[in-house]
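The entries below follow the order in which I looked.

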Amino acid sequence: MTVRKLTLSAAATTTVLLLCGAALTGAAASPAAASTTVTTSTTAPSTTAPTAPTDPSASSADPSTSATLAPPTSGTAAATVAAPAQGSAPATATTAPVLALSSFDPGSGTAVLAPATAGPQSLSAQATAADAASAVQPGQLIDSPPTPAAPHGALVAVTGVQSTADGKVAVTTRPATLPELLGGTSTNLRSAVSPSSFEVHPQIGGVKVVTDFGATSGQGSVSGSLGLSADATVPLPDGSSAKLSGSVSLHPAIDFSYQGGLGLIDPQQARVGFTLGAHADWRVSANLTASTGPVRIPLATYSASPVVMVGPLPVVINLAFTLSADVSADGTVTLDAEQAYDGQWGVHSDYVKGPGWTTTTDPGNSTVSPLRLDLRGSASAKAGLLAEGSIALYDTVGVKASIEPYLRAAVNGSVVLDGTSTTPTVNGTAALYGGLDINGALMARLAILGTPILEADLPFLAFHREWPLVSVGAGQSPVPLVNWTALSAGLFDDNRSAYLKTRPDWDPRALKASCPDGTRLIGLSHGGDNGLCTDVTKPDLWDAGHAYVVDHGGTYVTTDWAPGYAKAQCPAGSVLTGYSRDGRTMGALCAKSAAPLGTATRTLWFDKGDNRPTAAAGGDFSYGFAKGQCANDEVAAGLAYTQPWWQLWAARPYALLCQKLA
């Protein structure tokens, strides 16, 4: 298996976060007897940058403190009141009475501490209200596990104390940092998360939660599982319905390590991550048309806040994800497909002082198996299980990610696979594909380092892989396969054109991306430096001579189609096949079209939010960012850009010039 890495420099790190996480959620399936099974080891290029050691805990840093995963508690868990870390020593728990957060307002920083209902003893057996008030002092830390008042835990520093009645203590606080809590501590934990830690909420009728509370080891293995079964019928937007049935079994685990520095600024090394093993046997039956989708049907939401005990100090990690069925079609088709998924995936973020953050996505090994299939019509239809999730520390920073293993079938006629034979029965043509999509972003939400930062998400390098499972035909010509390719030029060049790779750099000193030969650029994102390529409607538009030009200054602009914005535009008879960014300017890579183009054009703005066709194919090519996408019967002929007021060093696209195909 291979991994995919995103590296943030030390300079970028100072504006991002102290400690972040990584999440990967997915759905996979049991390796039940399948008529056709292909196992793929997904492959993606890695970026070249300094990376963290495979196991940050392997360092010889001292002191070293053991870490364990705290068992779920009943009642309201007690908070730890501690003196902040000094030098390399971690925070020291005080002898304050056993108190818990009974109310907490993160916005104002106000909180009330009350006697804990879980713990060795209650406040009433220890001290009076005055004793509690005198025990909690300004400058101390409150490190709270999840409570009803703070469902994701809290790590704050006390700035003021006032006693109240009934043994309660009112405090004002400010956000605290992880170095203030752990100091120079070195610790490491990799552990499965008990199914009993999760809250599961079905999102549609006919879904049942099936949980096996087996024993969990400290090494990441788990005998229990977190699952659901479904037997439901849900409405589709066009008035039809889809039948969903099957079962999913999940095995989540977390990965946390920390090696503190000499001061309280930032750690030497850190890691937080998430892995998920999944098995599923899933069936979707529906009448689909191009107007139906894509349709995402949430099945259930999962949430947990496991507590990692670093010695006596709790560190709260928040997990949340949503499991959905995802179906779509680009024509008219009757679909009845049963498929199996099996696999394990992981994402983690590593921090090393100096180089900064390296986010690594491990797509793992995915087995996608069609068990039964009855597909009739003329379309390309997709059915998958999509999992979207996040992992954070004290609900402040982290990583959000989505993974979708899926089956896609292109058919013109009918294909039947009943599970009793390895060869489908085909009338016409059919092709089956397995696929895996991964998207995500590093979430920057809070000034964990004590320095305000921008409210912005930094995207992962999107991952997409599709591989053939079965291709058979009889009688009719195959349905043309439409290709969709996501581009990302945020940190490194993403040149997909095989021809241009043999030519001189088409825009030296700029970050750039180009579409695979035979496809054209049809979409861009306002942030994230992502694009979308396709050959929908009109494949192989590039002329045989591979003529191309690059425009930066609007040389070919004849009308001001985006007033107030700089423009890069293709000459007449050419289409956008790539884009570049060099500081405050952007460039348009234009390929001469092999076919005549129409004359109708329109300006497509996407700076305020998504502006895409209603049934846009190609997926979410820039997760978390506003996107613009021309229609399937259009080409992109130009882009308009400027510099956001808050980011004067980097131009961003605001609009596309969409032009009709002839």
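How many cavities of 30 Å³ or more does the count come to? I noted six cavities of 30 Å³ or more, where a cavity is a set of points, on a 1 Å grid over the protein atoms alone, at which a 1.4 Å probe fits but cannot get out. Grid points are joined across faces, edges and corners, and a volume is the space filled by probe spheres set on the points.

Before going further I wrote down the ground rules: the model is predicted, local features need pLDDT of at least 70, side-chain atom pairs count only at pLDDT 80 or more, and totals for chains, interfaces and linings use all residues. Residues are numbered from 1 along each chain as its sequence is written, and side-chain values use heavy atoms, with hydrogens and water left out.

**Entry: the chain as a whole**

I recorded three helices and 39 strands in the chain; both are DSSP runs numbered from the N terminus, helices being H or I of at least four residues and strands E of at least two. Of its 662 residues, 54% count as buried, that is, under 20% relative accessible area, with exposed meaning over 50% and partly exposed in between (1.4 Å probe, protein chains only). I put the accessible surface at about 25,500 Å², with 53% of it belonging to carbon and sulfur atoms; the areas come from the Shrake-Rupley method with a 1.4 Å probe, and for residues only the protein chains shown count as cover. Among the contacts with a separation of 6 or more, 72% are between residues 24 or more positions apart, a contact being heavy atoms within 4.5 Å.

The largest cavity holds about 110 Å³ of space. It is lined by 14 residues, of which A337, L373, L407, R408 and A409 are the closest to its centre; a lining residue has an atom within 4 Å of a point. I found that β20 (332–352), β22 (365–393) and β23 (397–417) are the elements giving two or more residues to this lining, and that β22 supplies the largest share, six residues. By class I listed nine nonpolar, one polar and four charged residues there, with Ala, Val, Leu, Ile, Met, Phe, Trp, Tyr, Cys and Pro taken as nonpolar, Asp, Glu, Lys and Arg as charged, and the others, Gly among them, as polar.

For the second largest cavity I have a volume of about 60 Å³. Its lining includes L524, S525, Y579 and R581, and the elements that give two or more residues to that lining are β30 (520–525) and β34 (574–582). The lining divides into six nonpolar, two polar and two charged residues.

**Entry: the sheet that holds β34**

Which strands make up the open sheet of five? I read the order as β28-β29-β34-β35-β32, with mixed pairing, two strands being paired if DSSP finds at least two bridges between them. Because β28 (494–495) and β32 stand at the edges with a single partner strand each, one side of each is left without a neighbour in the sheet. Eight bridges join β34 to β35 (residues 585–592), and the two run antiparallel; within this pair, Y579 stands opposite A588.

**Entry: the pairing around β4**

I then followed β4 (residues 80–83), which pairs with β8 (residues 141–144) in the antiparallel sense over three bridges; T80 has D143 as its bridge partner. β4 also pairs with β5 (residues 92–93), again antiparallel, over two bridges, with A82 opposite A93.

**Entry: positive phi in one loop**

Most residues other than glycine have a negative phi. I therefore marked D540, which is exposed with a relative accessible area of 57%, for its positive phi of about 55°. D540 lies in the loop between β31 (530–534) and β32 (548–551). H546 is found in the loop between β31 and β32 as well, and its phi is also positive, near 55°, while at 26% relative accessibility H546 counts as partly exposed.

**Entry: T159**

Not counting residues up to four places away in sequence, T159 touches P138, T172, T173 and R174. The C-alpha atoms of T159 and V171, twelve residues apart along the chain, are separated by 7.3 Å.

Notes: On a 1 Å grid over the protein atoms alone, a cavity is a set of points where a 1.4 Å probe fits but cannot get out, and a pocket is an open set with protein on both sides within 12 Å along at least five of seven lines; lining residues have an atom within 4 Å of a point.
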